[in-house]
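Q: Hi, could you walk me through this one? I'd like to go through it bit by bit.
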Amino acid sequence: MAGDLRSTQLSYWLRRPVNRRALLRGSLTLAGGAAMAGILAACGGESSSGGDTGTGGGSTTGGATPGASPTAGQFRPVQTQVTAEGKFGGVLRVAIVGEPPAFDPTFTTATVTHNCAWHVFETLWAPDANFAPKELLLESYEVQDDGKVFILKLRDGVLFHNGKKMGADDVIASLERYSVLSGRGKTLFQRVEGLDKVDDLTVRLAFNEPTGILPVFLSETDAIIIPKEIADASHDGEMGEFIGTGPYMLKERLPDRYISIVRFEDYQPLEGGPDGYGGTKIAYFDEIRFIPVPEVAVRGDGLITDEFDFADTLSTDNYDALAAEPDLTTQVVLPYYFYGAHFNKSQESIMSNRDLRMALLTACDLDAAAAAGFGRPEFYRLGPEMAAPETAWYTDAGKEFYNLKDPDKAREMLQAAGYDGTPIRWIATKEYAYNYNMAVVLKEQMEKAGAVIDLQVMDWATLVATRSQRDAWDIFITGHESYSHPVLQPFMSESWPGFWSSPTKDDLVNKIIAEPDPDKQMEYIEQLQYHWWEEAAYIKVCEGATLRAYRNRVKGYVNPADWFFWNVWFEE
């Protein structure tokens, strides 16, 4: 296995423009077979949550030069070539931004949950180096009946952490649970006519109309495969037992102290080398501990004092200081996430008033908010897009609504909307400093236009629990992958916090899912993004980079958008 890693040229996650048709052609290659060609051409590769990165091996060469300022060029993810053999052993200590609200990626869309949990759980497909879905737990698949039927052939011999062999019953139970709990699952399964067992290693998934992007949906971490017994027991709620097929298995979870995962000795890695979030996975560490450290300064200090080996989401204000540390490697990631304020559009919230939402959008100076969140302009970029310029789904549709910075006009619009001074409840957290800093600036801008903002600060886990209550809040900030297909954004689901109900949105999402022609699909994406803005569903502030750093003894880490630590090891 080490030989495979040595021979693998790890040169992906490059920040480069993506040709849409080329990307879509890549999906066709995955699909194979003329019958499915037209269908899968519609989906293209997805930069999924999986989103951000790579494969293991070798010395990382992309760390910033100590003392140097980041430039646009340094935001380029690392091109890495394996130059050393991976070594087994050791305990990796990872400082994460806070306690995950759950350890079940189907139950919550929180990024910190997904990043921790996908060491334990796996999906049928996983995003490859170009963000296109590639088989992971599948041996192969074929598409029949002009895109209405998918025959899924499972890999034989894949074991769960409890020693049970994965089979068709497990996949069916897991996908049925996904269809109930996941917003994306609900969207996808509106089109499902049948989910049947063909034999112990074969599943038939039938749709009521052609479906072009099934692999993209099922490569997301909310579509994990777990044992049937656990899926049935947690059909409409959070799992109580965490058994997956991944290279690491859960050992212990002590809330607010750490989550411990250990190597799964019976893991059967794919051959062929690492490939994005899939391919060959090697668990080199004996144990990985994810340690919640809500204070960003403590994460940075702990890295310098060798309390942690890796720290996530560091303050960009400390870039120069961290880059000057001789024992550390810093990495900046962009494309990454776009950030902004979600309105509670349910009838239980004052923000169900579209004219009121538009008034607050008109008031905002997004240059100032982005600067408050991310500091130097090298760490963010403005724009109305839902998908980054490097993706196949980029469009500037809706730009006429973006960054209007007109408080006088906003004051008039507030009055016209019938606003009576009722406090608008904004739930915020300091665990993501950029979110909090942007919230403070946007609050001031809205208040200058005449709005009354009640900023309520809480920890992230509490915020995640609160935002699911339709009558408990009006605004909150979070981020979303800028490298993800627009229809996969969780806020497309009416059940996701924000509660966006729109027949126009639903119609466009359905058209995108079914449309086989890539140019026509892009027309629908542009219409969807425009509708997003004309509905004032969200105030996108900017796309922000994230800063991470690790001790130099950590090898094989290649600057993914969403971090993971298989194919990563200690030098000594």
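A: Happy to, starting with a term: buried means under 20% relative accessible area, exposed over 50%, and partly exposed in between, with a 1.4 Å probe and protein chains only. This is a predicted model, where local features need pLDDT of at least 70, side-chain atom pairs count only at pLDDT 80 or more, and totals for chains, interfaces and linings use all residues. Residues are numbered from 1 along each chain as its sequence is written, and side-chain values use heavy atoms, with hydrogens and water left out.

Q: Thanks! Is D306 buried or partly exposed?
A: D306 counts as partly exposed because its relative accessibility is 29%. Its phi is near 70 degrees, a positive value in a residue other than glycine.

Q: And where does D306 lie?
A: D306 is in the loop between α9 (296–304) and β15 (310–314). Helices (H or I, at least four residues) and strands (E, at least two) are DSSP runs, numbered from the N terminus.

Q: What about N559, buried or exposed?
A: N559 is buried, with a relative accessible area of 3%. Phi of N559 is positive too, near 65 degrees, and N559 sits in the loop between β22 (554–555) and β23 (569–570).

Q: New topic: which residues have the most contacts inside the largest nonpolar core?
A: Those are L124, F290, W426 and F565, in a core of 166 residues. A nonpolar core here is a set of buried Ala, Val, Leu, Ile, Met, Phe, Trp, Tyr and Cys residues joined through side-chain atoms within 4.5 Å.

Q: Which strand gives the most to this core?
A: Strand β16 (residues 328–343) does, with 10 residues.

Q: What does F290 touch?
A: Not counting residues up to four places away in sequence, F290 touches V94, I96, C116, H119, R257, Y258, I259, I261, W563 and F565. Contact means heavy atoms within 4.5 Å.

Q: And S346, where is that?
A: S346 is in the loop between β16 and α11 (354–363). With 3% relative accessibility, S346 counts as buried. Leaving aside neighbours within four places in sequence, S346 is in contact with S352, R470, G498 and F499.

Q: Last one: how far apart are D506 and T187?
A: They are 319 residues apart in sequence and 9.2 Å apart in space, C-alpha to C-alpha. D506 is in helix α16 (residues 503–514) and, at 34% relative accessibility, counts as partly exposed.
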